[in-house]
Amino acid sequence: MSYPPADDRLRHLLAQRINCHVNSWKLAFFIAGGIVDDPEIRAELDRIAAAHTAGQHCGDRNCKACFAASVTGADS
Ligand SMILES: [Zn+2]
């Protein structure tokens with residue numbers, strides 16, 4: 001069985017990262033669940049992914065994908 005599980009991958013990936021900063025895996029998993037369930041966060045992830053798929057800047061100034069594209073000139 002692979003990890004993270006394919007049917008709960010996003011939550012496990014988030015929890016792994018959060019787990020570095022909190023005292024328990026249970027808390028990390030709880031926080032990750034709240035993020036995964038947040039419709040505004042889901043909508044923003046969808047919006048960013050759609051922009052990238054269309055070959056456009058997503059407009060997020062922290063976006064590493066857009067930063068890399070601007071450095072390499074791959075999108076120009
Ligand atoms: Zn971007």
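Reader: Which helix holds Thr-72?
Author: This is a predicted model, in which local features need pLDDT of at least 70, side-chain atom pairs count only at pLDDT 80 or more, and totals for chains, interfaces and linings use all residues. Residues are numbered from 1 along each chain as its sequence is written, and side-chain values use heavy atoms, leaving out hydrogens and water. Helices (H or I, at least four residues) and strands (E, at least two) are DSSP runs, numbered from the N terminus. Residues 64-72 form the helix with Thr-72, which is α4.

Reader: Is Thr-72 buried or exposed?
Author: Buried means under 20% relative accessible area, exposed over 50%, and partly exposed in between (1.4 Å probe, protein chains only). Thr-72 has 58% relative accessibility, so this residue counts as exposed.

Reader: How many Å separate the C-alpha atoms of Thr-72 and Tyr-3?
Author: Along the chain, these residues are 69 apart. Their C-alpha atoms are separated by 33 Å.

Reader: Is the peptide bond from Tyr-3 to Pro-4 cis or trans?
Author: Pro-4 belongs to the segment before α1. Omega for the bond from Tyr-3 is near -5°, and the bond is cis.

Reader: Which residues does His-12 contact, leaving aside its neighbours within four places in sequence?
Author: His-12 sits in helix α1. Its relative accessible area is 11%, so His-12 is buried. Contact means heavy atoms within 4.5 Å. Beyond the neighbours within four places, the partners of His-12 are Tyr-3, Pro-4, Pro-5, Trp-25 and Phe-29.

Reader: Which helix do the buried residues of α1 pack against?
Author: His-12, Ala-15 and Ile-18 are the buried residues in α1. They cover an arc of only 125° around the axis (taken from the directions from the helix axis to the C-beta atoms), so they sit on the same side of α1. An α-helix has 3.6 residues a turn, so residues three or four places apart point the same way. The packing partner of the buried residues of α1 is α2.

Reader: What is the reach of α2 from its first C-alpha to its last?
Author: Helix α2 runs over residues 25-37 and has 13 residues. The expected span is 1.5 Å times one less than the number of residues, and for α2 that is 18 Å. The reach of α2 is close to this, at 18 Å.

Reader: Within what arc do the buried residues of α2 fall?
Author: Ala-28, Ala-32, Gly-33 and Val-36 are buried in α2. Seen down the helix axis, they line one face, because their arc is within 140°.

Reader: Which residues coordinate the zinc ion?
Author: Donors are N, O and S atoms within 2.8 Å of the metal (3.2 Å for Na, K and Ca); water is not among the atoms, so sites may look incomplete. At the zinc ion, the distances are 2.0 to 2.3 Å. In sequence, the donor residues are spaced H-x5-C-x4-C-x2-C. They are His-52 (NE2), Cys-58 (SG), Cys-63 (SG) and Cys-66 (SG).

Reader: What is the geometry of the zinc site?
Author: Four donors count as tetrahedral if all angles lie between 85 and 135 degrees. Among the four donor atoms of the zinc ion, the angles are 104 to 115°. The site is tetrahedral.

Reader: Which five residues make up the largest nonpolar core?
Author: A nonpolar core is a set of buried Ala, Val, Leu, Ile, Met, Phe, Trp, Tyr and Cys residues joined through side-chain atoms within 4.5 Å. Cys-63 and Cys-66 are both buried. Cys-58 touches residues including Ile-48, Ala-51, Cys-63 and Cys-66, not counting those up to four places away in sequence. The largest core holds Ile-48, Ala-51, Cys-58, Cys-63 and Cys-66.

Reader: How far apart in space are Arg-61 and Arg-47?
Author: Arg-61 is in the loop between α3 and α4. With 79% relative accessibility, Arg-61 counts as exposed. Arg-61 and Arg-47 are 14 residues apart in sequence, and their C-alpha to C-alpha distance is 14 Å.

Terms used. Tetrahedral: all angles 85-135°; square planar, octahedral: opposite > 155°, others 65-115°.
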